Amino acid sequence: MGLDVHARSIVAQAIHSDTGEVTWKKFPYDPAAVIDWVRGLAVPALTTYEAGPTGYDLSRRLTGAGIACVIAAPSKLQRPPGDRVKTDKNDALHLAHLLQLGQITPVRVPTIDEETARDLVRAREDCRHDLMASRHRLSKLLLRHGHVYDGGGTWTRKHDVWIREHRAGTIAYQYAFDASYEAVAQVLARRDRLDAEIERMADASEFAPVVTRLGCLRGMGALTSLALAVEIADWDRFTGKTIGTYLGLTPSEYSSGTSRRLGGITKTGNSHARRLLVEAAWHHRKQLRQQPTSALTLRQQNASQEARLRGQAGNERLHKQWEKFVARRKKATIANVAIARELSGWCWSLAIMTD
């Protein structure tokens, strides 16, 4: 059975595996009605629908009712080039045919705890975007009125004092300034609340062991480690090589016949996890210290001896790779992505450890 699921409707197309008979029905978004209809077919059913904005609620309800459900990865669905008619019925029937042929690439359904933790770290990511946008609006408001800051780093306490010194002006300007300044302050307060909850979850949740082991690597603070832990969740699905492919960190390829041409990275998979790894990879460019930084030492003290040794080996290896790229005069941004790809493998090796 293929299900074309929307926010307000569900279209179901069922193919009998023996007779080939096709039946269909349209529902409002009511999982209970779908379950009753499936049960009324009087035969065991295997259902599928595409992963999308409606989430995994329907899958959980079907599974809870004893009906097998497979979530299909949308990027892996094959469609004939000549198929130019797209309707809900056709989409549902297409899914049913692919399921019957075994051509569905399944998506792992996270647990409710994993999904809520993922919502938390993604809310922190959204907050980061909002903060950049609100700061940009405030700085450009000042720039339009001829106020240019040249006192060093921006968004520091000194910079904040300078900003508040330039509030004077017309009533209209003051209202605009206050709105922009308050927007920055509100986002900062929201970010601090999210950071506090992420720190708490990193220390006391089912993800804490993985977060602790990942923290043995440079650039893997609580936020980055927890985000990777909840975004990837089941690390056993991968190997040290395949996790880079999953995260879209491997080069694309356009080869035919005797020609072989590699392009930029594929950028498929989880973009949030990929960005975090690319940012963490920059930390490995810095020279390794004989004595680790206080932050790294603090993260390592709760890890097992095996995890600390593994993390140290990873830190040394990744820095040596950086040195090789620098010696070859490789462009830094390209080298960093290559380091991020290898870093994902080191993260995997730590995540699958058992304490």
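Modeller: Let us begin with burial: a residue is buried under 20% relative accessible area, exposed over 50%, and partly exposed in between, with a 1.4 Å probe and protein chains only. Helices (H or I, at least four residues) and strands (E, at least two) are DSSP runs, numbered from the N terminus. The model is predicted, so local features need pLDDT of at least 70 and side-chain atom pairs count only at pLDDT 80 or more, while totals for chains, interfaces and linings use all residues. Residues are numbered from 1 along each chain as its sequence is written, and side-chain values use heavy atoms, leaving out hydrogens and water.

Biologist: How many helices and strands does the protein have?

Modeller: The secondary structure consists of 13 helices and seven strands. The C-alpha trace spans about 75 × 60 × 50 Å along the principal axes. Of the 355 residues, 39% count as buried.

Biologist: Which residues of helix α5 are buried?

Modeller: Helix α5 covers residues 157-165, and His-159, Trp-162 and Ile-163 are its buried residues. To see how they are placed, one looks down the helix axis and takes the arc of the directions from the axis to the C-beta atoms. In α5 the buried residues fall within an arc of 100 degrees, so they line one face of the helix. The face turned away from this buried side carries Arg-157, Lys-158 and Glu-165, which are exposed.

Biologist: What do the buried residues of α5 pack against?

Modeller: Packing is read from contacts, meaning heavy atoms within 4.5 Å. The buried residues of α5 pack against α4 and α6, the latter being residues 171-203.

Biologist: Which residues are buried in α1, and which are exposed on its other side?

Modeller: Helix α1 comprises residues 31-40. Its buried residues are Pro-31, Val-34, Ile-35, Trp-37 and Val-38. They cover an arc of only 165 degrees around the axis, which puts them on the same side of α1. Asp-36, Arg-39 and Gly-40 are exposed on the other side. The buried residues of α1 pack against three strands, β1, β2 and β3, and against helix α2. Just after α1, the residue Ala-42 takes a positive phi of about 65 degrees.

Biologist: Where in α2 are the buried residues?

Modeller: Helix α2 runs over residues 57-64, and Leu-58, Ser-59 and Leu-62 are buried there. Seen down the axis of α2, these residues fall within an arc of 100 degrees, so they line one face of the helix. They pack against β1 (2-5), β2, α1, β4 (46-50) and β5 (68-72). After α2 comes Gly-66, with a positive phi near 85 degrees.

Biologist: Is Glu-114 buried or exposed?

Modeller: Glu-114 lies in helix α4 and counts as buried, because its relative accessibility is 8%. If residues up to four places away in sequence are set aside, Glu-114 touches Arg-108, Phe-207, Val-230 and Ala-233. A further case is Gln-321, in helix α12 (residues 305-327). At 14% relative accessibility, Gln-321 is also buried. Leaving aside neighbours within four places in sequence, Gln-321 is in contact with Ile-339 and Glu-342.

Biologist: In what sense do strands β2 and β3 pair?

Modeller: Two strands pair if DSSP finds at least two bridges between them. Strand β2 (residues 9-15) and strand β3 (residues 22-28) pair in the antiparallel sense, over seven bridges. Ile-15, for instance, has Val-22 in β3 as its bridge partner. The hairpin of β2 and β3 has six residues between the strands, and Gly-20 in this hairpin takes a positive phi near 80 degrees.
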